[in-house]
Amino acid sequence: MFKSAFVSDADILAWVDTDIENISPTFFYGLIGPMLLNPNIKFVKGYFTRPIRIESSGVELGGGRVTEILARPWINLYFPLLSGYIQPLAGTVAIYRDFFQKMKIPVNYGVEIAMLLQAVEKCGLWSTCQVNLGEVIHKSKDIKALSEMSFQILQVLDSMQKEFQETDQ
């Protein structure tokens, strides 16, 4: 993300997960549209539906497992203002370059939630929005990969919670 922000000269940056199998230009239009139409919007997060697939082994794979088991309970407990965000971990975001460059951005799976938390903390909830990008087909991760992802996200959430508590005092 940093390299793309560095090599681009655009005022608005948009990123979409690279493991989306059915990506189309509407993902980008959907992300930057609210920012073009409303100058008060500084950060946009995409959400989408993900069909559940059943592997030949009978294992059910679907989207949002880490969101529902880790992120949403954390948000509900520590940052309920964001409880309306449907997919706080989704890797589809748009942000103004100057705003992005002022953020502390982790280099792991916690990047999306870190951006959302900082956007709301710095500019307020109404400077952010979410947009429906339709249906997304993602390559699902196995349980070991989800565990690693969850640990990285939990580390980011823990450090941000501590930072917010210090700021409030």
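A salt bridge here is a side-chain nitrogen of Lys or Arg within 4 Å of a carboxyl oxygen of Asp or Glu. Lys144 and Glu148 make one, with their closest N and O atoms 3.5 Å apart. Keep in mind that this is a predicted model.

**Salt bridges inside helices**
- Lys144 and Glu148 sit 4 residues apart in helix H6, so about one helical turn separates them.
- Lys144 is exposed at 57% relative accessibility, while Glu148 is partly exposed at 44%.
- Over in helix H3 (residues 65-78), Glu68 and Arg72 are also 4 residues apart, about one helical turn, and their closest N and O atoms are 3.3 Å from each other.
- Glu68 is partly exposed at 48%, but Arg72 is buried at 17%.

- Glu163 pairs with Lys104 at 3.5 Å, N to O.
- Glu163 belongs to helix H6 (residues 143-168) and Lys104 to the loop between helices H4 and H5, so this pair ties together parts 59 residues apart in sequence.
- Lys104 is exposed at 55%, and Glu163 is partly exposed at 34%.

**The nonpolar core**
- The largest nonpolar core has 50 residues, and Ile95, Ile113, Met115 and Leu117 touch the most other members.
- Helix H5 (residues 111-123) gives the most to this core, with 8 residues.
- Beyond its sequence neighbours, Leu117 contacts Trp74, Phe79, Leu82, Leu157, Met160 and Phe164.

**Thr92**
- Thr92 lies in strand S5 (residues 92-96) and is buried, at 0% relative accessibility.

Note on methods. Residues are numbered from 1 along each chain as its sequence is written. This is a predicted model: local features need pLDDT of at least 70, side-chain atom pairs count only at pLDDT 80 or more; totals for chains, interfaces and linings use all residues. Side-chain values use heavy atoms; hydrogens and water are left out. Helices (H or I, at least four residues) and strands (E, at least two) are DSSP runs, numbered from the N terminus. Buried means under 20% relative accessible area, exposed over 50%, partly exposed in between (1.4 Å probe, protein chains only). A nonpolar core is a set of buried Ala, Val, Leu, Ile, Met, Phe, Trp, Tyr and Cys residues joined through side-chain atoms within 4.5 Å. Contact means heavy atoms within 4.5 Å. Lists of a residue's contacts leave out its neighbours within four places in sequence.
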